[in-house]
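I opened this notebook to record what I looked up in the structure, entry by entry. The order follows my own reading.

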Amino acid sequence: MMNNSSSSLRLRASWGALLATPSFTSLVTVALLLLMFALGAFGYDGFFSLQVVLNLFIDNAFLLVIAIGMTFVILSGGIDLSVGSVLALTTMISAYLLHVWHWHPLLVIVCVLLLGGVFGAAMGMLIHFFKLQPFIVTLAGMFLARGLCYLISINSITIDDPLYVAMSQTRLEFGDAFISPSVVIAVLMLALAIYLAHFTRFGRAVYAIGGNEHSALLMGLPVGRTKIAVYAFSGFCAALAGVLFSFYMLSGYGLHAQGTELDAIAAVVIGGTLLTGGYGYVAGTLTGVLILGVIQTLIAFDGTLSSWWTKIFIGILLFVFCLAQRLMSLGAARAADANAGGNVVKPSAQVA
Amino acid sequence: MNSNLLSEHDKDNASPWHGLQQALRHPLARPLAALAVLLLIDFFLIPGFFRIEFKDGHLYGSVIDIVNRAAPLMLAALGMTLVIATRGIDISVGAVVAISGTVAATLIGGTVVMHNGVPEYASNIPMAWAIAAAMGAAILCGAWNGLLVATLGLQPIIATLILMVAGRGLAQLLTDGQIITVYYKPFFYLGSGYLFGLPFSLFIVAGMFIVLALLMRKTALGLFIQSVGINPVAARLAGIRTAALIFFVYIFCSACAGLAGLMISANIKSADANNAGLLLELDAILAVTLGGTSLAGGKFSLVGSVIGALIIQALTYTIYSLGVPPEVNMVVKSVVVFLVCLSQSPEFRRMRFSPSQSKSLP
């Protein structure tokens, strides 16, 4: 029989081990998501239904795609502020090509996706070759893309192409609920991203660069190529999100998706990815996006709370998660200190 | 600030040619040249650009207009300079502008009072108190940012992102989503009043600049801030209380933003929680970079940031008055940022001066 003190010690040790596990914040996020959903289910009539869950995906498909791209950028230790405006630019160019030049919709989609990738790659090259700060380069990219939107037109352009309308109105039956084709695209993208991040050489290089770029270079990893690829991927994701957004809104407009980059960053952080880079899960980003979606749904269901509460709640959540991450990395450093006698190990080292 | 330049200068200060070279290499040469080019374009393309008239007891003219409109940006840029000098960044400036503007506007408001038979607007509470409350709110925001960055050690960009997202929400909460209009006349003086013929906002900026410049030059504060930016660990080991310094810098930045918010809301005679100071943080960062302060921290130039803010406002003015659609403004701005960043990058300079080396870049 175990005596009392040793069992409590073991309990504390296992609790400490759980706290120190890198995936702890991700688990907390999932728990929080479930808790918030349960809260809604108990508080409001009609909240607990499959359609509400699927609506989360339908309304946030574009945000999910953008946040996936952002996850890779943040994992590599960078940041991409241009995604919201690239999204707007994509909707604008698609609308213009369809409305004025009467291009075939598939050709338009291929074109804008390529354009997004090239835009991202160009920023990546500036960041890599000239050692510029990602923050300022993507900030300029953000201005540039928004400005280009207004150069095309300052008004909203309606999209009435049959394919776009079909994509917007098709309902894929899912039991007695439904989803839109955009959700399928977003989920496929998520699967691809998970594969890329966790099962390919590219993914491992991204984690390594985020952990320590210099070490990654010394290890012989293709740092430059990977960094440029990461920004190109983010640009591509933003363009794809733009395509999904134009399915959703059926218009191109320069004011579309203002501030989406902040939502995407918030989703990534809440999803448990460390902002310093090198640690996180792509799947966590899905949880982050869903949490943002649940907050909006809760506020919509409540009806008495105004829309600005969304911003305040997101701010509070961001704070809580940043704090948790910070305390954890402090704890991990201290634990590593105690174990290895002064060798401070970042949690990222366990993954990279 | 440029000690190595000075020591070089001491070695060979012979010919005037050298003097010119030194002047060209001065950190302020580039932003000044950019501003000069811009003003030259204005001089040739906009008739009467430099004409200044004296009407109704104050000065009128394009130049005065540019300086007046640049005032909030100059203030925000001054605060941002110190934050960037400590390797930080504050992207909550716009949100703080919205908060201080709405606090002041809500507290002042304006109710009709009969005064000697003439209806007049009176402020809800004395204006000084309202302004103090607005500045207090701004300083509180700064303390929050400072706490997160200095005490908790969060990354500056993410720590201030929290306030950037939540701040506008809080401001909207205060106004209940409405645009608050101010009717109390004396408040407008902050934004559009004139003193000795010059815009009053200019005096605020000048006062702030002089105080700051004195603090940085006459005390060790400037040196401390630079050393924190160059190497935070070394600075701490050398006995500088880095945490307290960083905390102070964020408070100062928010206070500047709060003052800018008062000016903006006094100028438009209302407070719009949604749009006041939108993207001001980005313009402020841009002004600081244009002024030659590196985003990597360390050396900073207050004069440079003021010049940077003037460049941005002059650019906007030029674009508007040349009849170019204002939408181009953003594209031009982004191209300017790209060029400035490239010109600051040592890799780019190396590539330009010795093309053979460019191939060896990874």
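Entry 1, a helix pair. I began with helix α6 (residues 127-151) of chain B and helix α12 (residues 242-268) of chain B, which pack at an angle of about 145 degrees with their axes 7 Å apart. I noted that the model is a predicted one. The crossing of α6(B) and α12(B) came out right-handed. I then sorted the contact of α6(B) with α12(B) by class and got 18 nonpolar residues, seven polar and no charged ones.

I took α6(B) with α7(B) next: the axes come within 8 Å and cross at roughly 145 degrees. Here, too, I logged a right-handed crossing, with α6(B) passing α7(B). From α6(B) the contact takes Cys141(B), Trp144(B), Asn145(B), Leu148(B) and Val149(B). From α7(B) it takes Pro156(B), Ala159(B), Thr160(B), Leu163(B) and Gly167(B).

How many residues does each chain bring to the contact? I read 35 residues from chain B and 38 residues from chain A. On the side of chain B that touches chain A, at least two residues each come from α7 (156-175), α13 (280-290), α15 (328-344) and α16 (346-353) of chain B. Which of these helices gives the most to that side? I found α7(B), with 12 residues. The residues on this side of chain B divide into 23 nonpolar, eight polar and four charged.

Entry 4, chain totals. For chain A I wrote down 14 helices and four strands. Buried residues make up 49% of its 352 residues. Of the contacts in chain A with a separation of 6 or more, 78% join residues 24 or more positions apart. For chain B I wrote down 16 helices and eight strands. Of its 362 residues, 45% count as buried. The corresponding share of contacts between residues 24 or more positions apart is 75% in chain B, again for a separation of 6 or more.

The largest nonpolar core has 217 residues. Which residues have the most contacts inside it? My list reads Val65(A), Ile66(A), Leu244(A), Leu318(A), Ala76(B) and Ala77(B). I followed up Leu244(A): leaving aside neighbours within four places in sequence, it is in contact with Ala61(A), Phe62(A), Val65(A), Ser182(A), Ile185(A) and Ala186(A).

I located Ser251(A) in strand β4 (residues 251-252) of chain A. Is Ser251(A) buried or exposed? I count it as buried because it has 20 C-beta neighbours inside 10 Å. Ser251(A) and Ile159(A) are 92 residues apart in sequence, yet 5.0 Å apart in space, C-alpha to C-alpha. Beyond four places in sequence, the contacts of Ser251(A) are Ala95(A), Ser156(A), Ile157(A), Thr158(A) and Ile159(A).

Most residues other than glycine have a negative phi, so I kept a note of exceptions. Leu250(A) has phi near 55 degrees and lies in the loop between α11 (223-249) and β4 of chain A. Leu250(A) is partly exposed, because 18 other C-beta atoms lie within 10 Å. Arg87(B) has a positive phi of about 70 degrees and is found in the loop between α4 (62-85) and α5 (93-108) of chain B. Arg87(B) also counts as partly exposed, with 18 C-beta neighbours inside 10 Å.

The model scores ipTM 0.73 and pTM 0.79. Chain B averages a pLDDT of 79, and 85% of the residues score at least 70. Over residues 1-13 of chain B the pLDDT is below 50, and this stretch has eight contacts beyond near neighbours in sequence. Residues 356-362 of chain B stay under 50 as well, with six contacts beyond four places in sequence. Where pLDDT is low, the predicted coordinates should not be read in detail.

Definitions and conventions
Residues numbered from 1 in each chain as written. Chains lettered and ligands numbered in written order. Predicted model: local features only at pLDDT ≥ 70, side-chain atom pairs only at ≥ 80, totals over all residues. Contact = placed C-beta atoms within 7 Å. Nonpolar A, V, L, I, M, F, W, Y, C, P; charged D, E, K, R; others polar. Buried ≥ 20, exposed ≤ 12 C-beta atoms within 10 Å, placed from the backbone. Core = buried A, V, L, I, M, F, W, Y, C linked by C-beta atoms within 7 Å. Axes fitted to C-alpha atoms, helices over the stretch in contact; angles between N-to-C directions. Left-handed = near helix turned anticlockwise from the far one by under 90°. pLDDT = per-residue confidence, 0-100.
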